Amino acid sequence: MVQDLGYLKETASQTAGPYVHIGLTPNFCGIPGIYESDLGSAMVNDKTRGERVTVTGRVIDGAGVPLKDALVEIWQADAAGLYNSPSERRGTADPNFTGWGRCPTGAEDGVFTFKTVKPGRVPVSDGRLMAPHITFWIVARGINLGLHTRMYFPDEPAANAEDPLLCRIEHRHRAETLVAGGTAPNYLFDIHLQGEKETVFLDI
Amino acid sequence: MSNRDNGRPETGAFFPRDRGWHPPAFTPSYKTSVLRSPQKALLSLDGTISEITGPVFGHSMLGELDNDLIHNFAKPGESAIGERIIVHGRVLDERGRAVPGALLEFWQANAGGRYRHKKESYLAALDPNFGGCGRTITDENGYYCFRTIKPGPYPWPNGVNDWRPAHIHFSIFGHGFAQRLITQMYFEGDPMIWKCPIVGTIPDRRAIEQLIAPLDWANTIPMDARAYKFDIVLRGRRSTFFENRPEGN
């Protein structure tokens, strides 16, 4: 026998279910008055530094149908490439930028929208720079464990070509699933859960 | 914050997720998962700063009744109908260290199993004094508590006669976006737990048992509310042994 490592096991995930909006965006789903506003609905204000961009998209199932009950969260660096997080040690992020947003896919059209700024580049541990990207986290009825992925920008071909994550995708055509469509300042990012156009999801 | 060196927040990468412990994506007895599960392998990536960091929320955002679902939607002087309970516990990481400042959000059906949501068509009545959502932030010891009514079981269109056990949904933010977690808490002794296809997506019985809150008699408030204790474990962080080595860890 050896010593017991003594680690606990992570609490297992369960689906967010069809009524996730009651808990996470109650104003959106018609439960007003408990919270002033839905958390994560505003990422920027008048003083936020950087280039304003809008990211819209859909979450699409294996039959090609957009989910109308999904919830999407994003997390990103500010325009200077700093995260608004206590674990950020490289500097102080823009105090007028949260870096985090939350949006349900609309009950009518299945579209999510984030009004944000274009993130700066951030390094991996060996110092190489990643291309500008936004981290996505998707939950919904039928998704047992939240899905992580990333969105990259179509107008950053040089940075994307040397991005450490994009370069690791063995089947090169699949890297395109992480690059948004559209042109500045309006980007389109559809997430395909399954099938031919399946988005690359991450185990991070 | 969870401090280790000179009061500075930790910045190590998170322990890899044990994906044999979590439910897999494709679980056909939970029918909706069939068309919503990726079929290709996930791309593995050691945590970068994009996932090691995450939003942290301040206690100042909380309203006075945010952790009191009995009253936060009720008319003045009234309260929600149902079994009054307190749910409390700690948020820890896999190393057993407290996670202070963790934002917890919860949502649930009312005592009759009815959700306040326009897509919900169950014939059980709404409670005019119950909204069904709340939130809180763990204290410096990782501790949280909230007051609510015990939710009822409800039927759902999966199998012909499938019913969810009584449950409360939890959404948890740790200190890094990689720790982001949504789960469900079940109640000790509920025979429905072991019939449920959503519970059954979890392959390991011990992982299911970790989602079942025991009745906490010691903390039950006489003539007021019973207590259930529910501890939550988030991913732990690797020690940053050689963080400043130019060639990387």
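**Notes on chain B and Glu88(A)**

1. Chain B has 249 residues, for which a compact globule would have a radius of gyration near 18 Å; the value for chain B is 20 Å, which agrees. The radius is taken over C-alpha atoms, and the globule rule is 2.2 Å times the number of residues to the power 0.38.

2. A word on the basis: this is a predicted model, where local features need pLDDT of at least 70, side-chain atom pairs count only at pLDDT 80 or more, and totals for chains, interfaces and linings use all residues. Residues are numbered from 1 along each chain as its sequence is written, chains are lettered from A in the order in which they are written, and side-chain values use heavy atoms, with hydrogens and water left out.

3. Along its principal axes, the C-alpha trace of chain B spans about 65 × 45 × 35 Å. You will find two helices and 14 strands in chain B (DSSP runs: helices are H or I, at least four residues; strands are E, at least two).

4. In chain B, 57% of the 249 residues count as buried (under 20% relative accessible area, 1.4 Å probe, protein chains only). Of its contacts (heavy atoms within 4.5 Å) between residues at least 6 apart in sequence, 71% join residues at least 24 apart.

5. Now to chain A: Glu88(A) sits in the loop between strand S2 (71-75) and strand S3 (100-104). Glu88(A) counts as buried because its relative accessibility is 8%. Beyond neighbours within four places in sequence, Glu88(A) is in contact with Leu82(A) and Tyr83(A), and also with Ile49(B) and Thr53(B).

Conventions
Buried < 20%, exposed > 50% of the residue type's maximum accessible area, 1.4 Å probe, protein only.
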